[in-house]
Amino acid sequence: MRVGVRFGLLLVVSLCAARLGTAQEPRAGATDIFAGLASLQELSADVPPREAQAVWRQEQPPAVRPVAAPPTPLPAVPPDEPLDERPWEQDATDESSVPEPRPRTTGADSLFGTPGNPPSAAIMAEHQPDRFETLYDRVLDLEPDGQNRRLIEQVRDATEATETGVDVTAEEWIHIKNNKTFTWGGRIQGDWVNWANDSDFAGQSNYVEFRRLRLFAAGEGYGVYDYSLELEFAPEVDLQADVVNNHVDLGGFGVELKDAFVGIRDLPRLGYVRFGHIKAPLNLEELTSNRFITFMERSLPHKLVPGRELGAVAYNHTLGQNATWAYGAFFDDLSEASHGIEDDSLGTRLVGRATWTPRYDEPSMGRYMIHTGLAYCYTRPRMRNNPLAPGTEFRPVEFDAPPEIHRGDSLIDTADINTQQYHLLNAELAWVHGPLSLQGELVWASLDRVGGGATDLYGAYAFASYFLTGEHRTYDRTMAVFDRVVPYENFWVVNTPRGRRAGWGAWELAARWSYLDFSDRWGQRLHDLTVGCNWYWNPQTRMMFNWIHPFASNSPVATSPEAEGDVLAMRLQVDF
């Protein structure tokens, strides 16, 4: 029978035994009642609770008899019940009249069974959990002490929750916190970018923009479900504002679809599964939210990996969370602005990722940890119309990259490559040692061109960061990504009677080198050196300062085969 029920009954029996007897003067009848409680596992011992309570009260010595209230009157006994089946109605003052505990049954007749004789399937099926509820109620009737009764009730509730679970099928959508129907939030990122030196790149433009303006709604409910919808409100088409009929026309101000999924947890073998518009599980930097990345923009190699796609992903991890794995299937190249694909050829993308954390310091919540990971992606691009040769197979793939800023000309560009299929392999490594952190990744893309031949593209980055104020980068073990930095103290300045007081937030210094190699496409290569400083005002607000130094070989926008430049950038970010 279930271990939780037996443990609960054993605890109840112990409480009643402590109540019934003392070392100095054993009470008459205590032995018999203890034995009767110990035999509660046999469901055939149908002794009415009130009558047994009366026997216990009458056998209690006067010196310790409760004085608060007289014993509860005995309930009326049905007249049609034979007297010989009600031995407790005999002379209660006669100790010999107290019924002896019935002998335990053995083998298939016993609910609990004995060693070597487990209970039969018929017995297990016959006796339902409500029978145990009846036994608990009878034990409660035998225990007059209020504190002990509450403890017995807690044992019963805990046993029921442990053995049968909690029914959550009737729950409606609830907020992750505060029991609200849903939660909402967003992020605001305002950027200023200035080309301090662009002489080698044919005059690049400075700009100021809202890099991201997002709102989201999310929630969970019905026990195992959750959902999220996130939209991007930002001008992406044209930053040149024209005045038309006394109104400012930005040329394009659309809504882009970001997260839009429903998830189901605790599925056997699969774990946690999401359906919808979600990130493909590939590349540590890409999977880490832009709210938590160390630099204003992700490194150059992330241009090779997919972002959000329409499909399904299953996530799972080991019991100790030292290893995770995720895999999914997607349609290729969903337009986030149009929110859909209208084509007979939708394309296919299959992705898998596995990570291992050989070290994670539990007491310090990951202040000392090592992360490793490996991911693979297979893509069959969509069929498009070939404007140069209508009716021929045309599956174009293009990769390009500006320096590590949002807007500007692409310093290297593969142009369209007619590709039957291509493969991506991504390796990850991260090391956190207190305030010091190192992280790097390698990306290799192999494109099988239509008509034969292959094109290989490579990317890599490595960076180091250090918190001057002693904080560390936090890590989400279930999703194998980095999480929010929490300053030891927030930034604030106030005047007090003792003078001005201030908290200075958290300060982080970082440096990164990143690289893209498109040598198979006219010998193009691009390096970026980025130095950054992050000032965390609080866990959800920070300022970021970046200096980016790109140097490119055979760039299509450069004035010379070897070109360099300098960019200064600043961001103010808040999320809520």
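These points cover the salt bridges, a nonpolar surface patch and the cysteines of a predicted model.

1. Ground rules. Local features need pLDDT of at least 70 and side-chain atom pairs count only at pLDDT 80 or more, while totals for chains, interfaces and linings use all residues. Residues are numbered from 1 along each chain as its sequence is written, and side-chain values use heavy atoms, with hydrogens and water left out.

2. Salt bridges overall. The structure holds 20 salt bridges. Each is a side-chain nitrogen of Lys or Arg within 4 Å of a carboxyl oxygen of Asp or Glu. Side chains of opposite charge can pair when their charged atoms come close.

3. Glu230 and Arg187. These two form a salt bridge, with the closest N and O atoms 3.0 Å apart. The pair links distant parts of the chain: Glu230 sits in strand β4 (residues 225–234) and Arg187 in strand β2, 43 residues apart. Strands are DSSP runs (E, at least two residues), numbered from the N terminus. Both residues are buried. Buried means under 20% relative accessible area, exposed over 50%, and partly exposed in between (1.4 Å probe, protein chains only).

4. The network. Glu230 and Arg187 also belong to a network of salt bridges.

5. Arg349 and Asp332. Their salt bridge has its closest N and O atoms 3.1 Å apart. Arg349 lies in strand β11 (residues 348–360) and Asp332 in the loop between β10 (323–330) and β11, so the pair ties together parts 17 residues apart in sequence. Arg349 is buried at 4% relative accessible area. Asp332 is buried too, at 8%.

6. Arg353 and Glu428. These side chains meet in a salt bridge at 2.9 Å, N to O. Arg353 is in strand β11 and Glu428 in strand β16 (residues 417–433), so the contact ties together parts 75 residues apart in sequence. Both Arg353 and Glu428 are buried.

7. Nonpolar patch. Phe182, Trp184, Ile188, Phe210, Leu215, Val574 and Phe576 make a nonpolar surface patch of about 680 Å². Patch residues have over 30% relative accessible area and no salt bridge; nonpolar side chains (Val, Leu, Ile, Met, Phe, Trp, Tyr) are joined within 5 Å, like charges within 9 Å. Accessible areas come from the Shrake-Rupley method. Strands β2 (183–197) and β3 (207–221) each supply at least two patch residues. Ile188 lies in β2. Ile188 counts as partly exposed because its relative accessibility is 34%.

8. Cysteines. A search of the whole structure finds zero disulfides (cysteine sulfur pairs within 2.5 Å). Cys377 is buried, at 0% relative accessible area. Cys533 is buried at 18%.

Conventions
Areas by Shrake-Rupley, 256 points an atom, 1.4 Å probe, with all protein chains shown as cover. Helix = DSSP H or I, 4+ residues; strand = E, 2+ residues; numbered from the N terminus.
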